[in-house]
Number of protein chains: 2
Amino acid sequence: MQKPLILVSNDDGIDSRGIRHLVEVMSGLGEVVVVAPDSPQSGMGHAITIGNTLRLTPTDLFPGIDSYKCSGTPADCVKLAKHHVLKERKPDLVVSGINHGSNTSISVLYSGTMSAAIEAAIEGMPAIGFSLCDYGSKADFTHTLNYVEKIASEALAKGISKGVALNVNFPKKRGEAIKGIKICRQARAMWLEKFDQRVDPNGREYYWMAGEFVNFDKGEDNDEWAIENNYVSIVPCQFDMTAHHAITQMNDEWSI
Amino acid sequence: MQKPLILVSNDDGIDSRGIRHLVEVMSGLGEVVVVAPDSPQSGMGHAITIGNTLRLTPTDLFPGIDSYKCSGTPADCVKLAKHHVLKERKPDLVVSGINHGSNTSISVLYSGTMSAAIEAAIEGMPAIGFSLCDYGSKADFTHTLNYVEKIASEALAKGISKGVALNVNFPKKRGEAIKGIKICRQARAMWLEKFDQRVDPNGREYYWMAGEFVNFDKGEDNDEWAIENNYVSIVPCQFDMTAHHAITQMNDEWSI
């Protein structure tokens, strides 16, 4: 039987530790091809490169594995992989990550990691984004790897609903083992920004954005709850952004 | 009675024609403040500036109106406007555009115009993104302006559901008048990419992304149908990306 074809990308850049872990696990499940950004793309959301050129360069970072670094965004990487690198071969699974930092709740919208997965879902490929809720430069990924394998194997075996990409977040490593997996909805939470105003050496003002994450959600069926309680969270995500309930309301109430 | 406070942004940049039209119409409806990118940000999706600084500079582009250009993305502009420029004053309406080009269907995900509106919705402000389905550099916006006024007035009068941003698209100007407004769902369509491979003067390869828009949707209740049939389309959009139907399916079928 032919091995499944697995495309790997991320948003922290092709030289990050998280993607090395992901490639290692995926190599046990199938034939791996890597197309990932040549520089960090955190917070890039679903950006694509319009009005500018793209570079795609083979690398030797992963011995025995076809890998390419791309000058674009995570969504660009998936598009280039599908339409140029892989051409006629369609991946059985697209995985992105493992991200150095949380992509729970509203962060899914800002996330480059998830934009690669969602782009893959738009293009009809089963896709998963993996993130570790630990921003530390020495973050320990070891407790996540069995779960990465389990979730990817299950996706290969059972499939993922058409048009759905999975947003998987892992809790930071603690004294106790992860308790299990929860299928969740996106928590109702947001980033509350503060802007740190400074003056450059030429006397001109500039700003640093500094966000504080605020969770308004009181439920126990959401990804924030799962992570806080030492579970792996999986949120199935779709790219139809229509607020269907609001169509009825507008048709009723608006006079236009 | 105090005039409503209206924040205006866009993704084509503060010096584009579309935002001038929008500021003109909004000035008839309330007190206007402009915070918009200092350079084109098309295709930026919901990108934000992490790990880099932001500049915010007052401009005199709009006589009698407070306006600022920002070095960041459309989502950065809304965050800076809310938390720094306007501080205690909360806008009654946030509008973005008028975009030079379509943001129907799946383009809502890649759209900088809509990212400003969706960021505003996340932050609890009623928001509308306006786009004209005409990419021409001399695109005529005149047939849209009455509709922009009508839709913004209705939003101020009736409100927009919490957590919802409106994605408004206008058909390109034709020989006949626009037929009216349709409240729509996002059409099932996608961009099919082709990559044009070229060689630079130093002999190194590079790529241009060139997409072709493909509409799979056979319904008549979607934004693509509305635009094709010379209606204004309004899609109410939400930022909860959870595919709720897939939660049940995964809980049933997956063994994890």
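**Figure 1. Salt bridges between chain B and chain A.** In this predicted model, the count of salt bridges between chain B and chain A is four. Arg55(B) forms a salt bridge with Asp200(A), and the closest N and O atoms of the two residues are 2.8 Å apart. Side chains of opposite charge can pair when their charged atoms come close. On the side of chain B that touches chain A, helix H7 of chain B, which spans residues 244–253, gives the most, with eight residues. Sorted by class, that side of chain B has 41 nonpolar, 21 polar and 15 charged residues.

**Figure 2. Extent of the interface of chain B and chain A.** The contact takes 77 residues from chain B and 77 residues from chain A, and the area buried between the two chains is about 7100 Å², of which carbon and sulfur atoms give 65%. Tyr207(B), Met241(B) and Trp254(B) supply 11% of the area that chain B buries against chain A, which is more than any other three residues supply. Across this interface, 36 residue pairs are found in polar contact, with both residues of each pair at pLDDT 80 or more.

**Figure 3. Relation of the two copies.**

**Figure 4. An aromatic pair in chain B.** Over all chains, the structure holds six aromatic pairs. The rings of Trp191(B) and Phe213(B) have their centres 5.2 Å apart and their planes at 65°, and because planes over 60 degrees apart count as edge-to-face, the pair is edge-to-face. Trp191(B) lies in strand E9 of chain B (residues 189–199), whereas Phe213(B) lies in strand E10 of chain B (residues 205–215), so the pair ties together parts that are 22 residues apart in sequence.

**Figure 5. A salt bridge within chain A.** The structure holds 22 salt bridges over all chains. One of them is formed by Glu31(A) with Arg89(A), whose closest N and O atoms are 2.8 Å apart. This pair links distant parts of the chain, 58 residues apart, since Glu31(A) is in strand E2 of chain A (residues 31–37) and Arg89(A) is in the loop between helix H2 (74–85) and strand E5 (93–100) of chain A.

Key: Residues numbered from 1 in each chain as written. Chains lettered and ligands numbered in written order. Predicted model: local features only at pLDDT ≥ 70, side-chain atom pairs only at ≥ 80, totals over all residues. Heavy atoms only, no water. Contact = heavy atoms within 4.5 Å. Buried area = accessible area lost by both parts, 1.4 Å probe. Salt bridge = Lys/Arg side-chain N within 4 Å of Asp/Glu carboxyl O. Polar contact = N/O pair within 3.5 Å; in protein donor to acceptor, adjacent residues only side chain to side chain. Helix = DSSP H or I, 4+ residues; strand = E, 2+ residues; numbered from the N terminus. Nonpolar A, V, L, I, M, F, W, Y, C, P; charged D, E, K, R; others polar. Phe/Tyr/Trp six-rings, centres within 6.5 Å; stacked < 30°, edge-to-face > 60°.
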